[in-house]
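Here is a short note to read beside the model. Keep the structure open as you go through the points.

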Amino acid sequence: MNAPIKRPLKQHIEHNHPAAPERSVFDHREFKGHEQVVFGHDRESGLLTIIAIHDTRLGPALGGCRMWDYATTGEAVTDALRLSRGMTYKNALAGLDLGGGKAVIIGDPRHDKTAGLLAAFGEQVERLAGRYITAEDVGISAEDMEIVASETRHARGTRATGLGDPSPYTALGVFVGIKAAVAHRFGSDKLNGRTISLQGLGHVGMILARMLHDAGARLIVSDIHQPSVERAVAEFGAATIEAGKAHKAEADVFAPCALGAGLNDVTIPAIKAPIVAGAANNQLAEDRHGQMLKDRGILYAPDYAINAGGVISIAVAKPGGGEMAVRDKVMAIGQTLSHIFERAAALDLPTHVVADQIAEERLASAGR
Ligand code: NAD
């Protein structure tokens with residue numbers, strides 16, 4: 001499964017005969033009960049895509065399409081399998097009647113992405129007859145999704161089907177999630193006078209910063225992009241901290257809103273805040289880091305529970321609106337997290353384990 005992918009893609013398919021895979025997809029460590037994995041190719045455009053449908057017990061599998069310059073086919077398979085399973089859990093925990101899936105397109109989005117390739121991907125999605133619903137992800141923009149949608153009825157987050165950029169809804173979910181964590185830890189959800197260390201002032205982080213500021217919180221901000229830091233200082237009177245040191249800030253909440261794997265052997269011992277609650281995906285470098293946070297007495301809001309606002313906006317929005325229904329469902333993220341925190345405390349378990357349990361219970365009940 002580690003055959004290197006050489007460019008250009010079309011020639012790769014026509015002239016290369018990759019070595020036999022090291023092991024079958026069925027034996028892959030991330031396979032874990034996938035229902036269907038489709039390998040798609042289009043001769044004209046050179047499209048190479050893998051669409052992984054993990055679980056459709058709750059409904060059609062919804063998950064974005066990622067375009068990435070994977071070094072090997074094996075890497076692309078691993079990503080598709082891992083991300084699609086993650087979507088099953090995320091959609092189940094968010095209370096959506098949707099399963100989990102994910103598509104990856106192999107190629108460099110800056111050089112290999114053409115209208116023909118996107119249209120060919122749309123055809124592949126259409127062939128699955130609604131079992132998989134696609135949306136944008138890393139390397140695929142809203143404009144790209146419009147081209148995909150010209151070939152399939154099963155694309156979301158487009159002008160015809162959505163509310164546009166999901167980031168404001170992700171930020172709203174993280175905001176109510178932080179309030180739920182603060183309530184659990186301090187007995188009141190008031191943010192007035194609380195200090196939040198916010199790492200990453202991008203699409204989600206900047207909107208979250210404004211919400212927190214408006215609710216009376218003090219902000220300590222960090223970003224590798226200096227103009228964003230300067231903007232937060234000017235608009236919210238935020239204090240600043242070096243980008244790599246946000247977890248060390250004296251704060252009530254550390255909110256990672258930049259990259260994944262930020263909770264690891266190096267950072268966890270240095271975290272000063274009693275709460276970690278932010279938008280970033282895959283915050284725990286490894287599963288065991290959830291236990292490590294618990295051992296340090298740090299309350300962790302599982303990433304896929306707190307950052308579900310974006311997928312909720314994509315799933316619930318209807319052509320021409322549906323904003324109120326989306327907001328109601330996003331606000332419910334606060335209750336879901338309170339439930340996770342209470343059950344984790346009662347069972348003396350890490351919060352990420354309890355989040356998985358709740359998602360699995362919902363999946364099991366749908367299967368009956
Ligand atoms: P973004 O790319 O707009 O913003 C990320 C920000 O983090 C940028 O400003 C970048 O300069 C900054 N950054 C990068 N490395 C940093 C570092 N080491 N320290 C401090 N700052 C750093 O991304 P986004 O859309 O705001 O998403 C943020 C996170 O939330 C990502 O992990 C994303 O996967 C996750 N997420 C986003 C959404 C959404 O709706 N946008 C939904 C779910 C999860």
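1. A polar contact is a pair of N or O atoms within 3.5 Å; within protein, one atom must be able to donate a hydrogen and the other to accept it, and residues adjacent in sequence count only if both atoms are side-chain atoms. By that cut-off, a side-chain N or O atom of Asp-223 sits 2.7 Å from an oxygen atom of the ligand. A backbone N or O atom of Ala-258 is 2.8 Å from a ligand oxygen atom. The side chain of Ser-167 has an N or O atom 3.3 Å from a nitrogen atom of the ligand.

2. This is a predicted model: local features need pLDDT of at least 70, side-chain atom pairs count only at pLDDT 80 or more, and totals for chains, interfaces and linings use all residues. Residues are numbered from 1 along each chain as its sequence is written, and side-chain values use heavy atoms, with hydrogens and water left out.

3. How many residues surround the ligand? There are 20 (a heavy atom within 4 Å). Thr-170, His-203 and Val-204 are among the closest.

4. Gly-237 follows H7 and has a positive phi, near 60°.

Conventions. Helix = DSSP H or I, 4+ residues; strand = E, 2+ residues; numbered from the N terminus.
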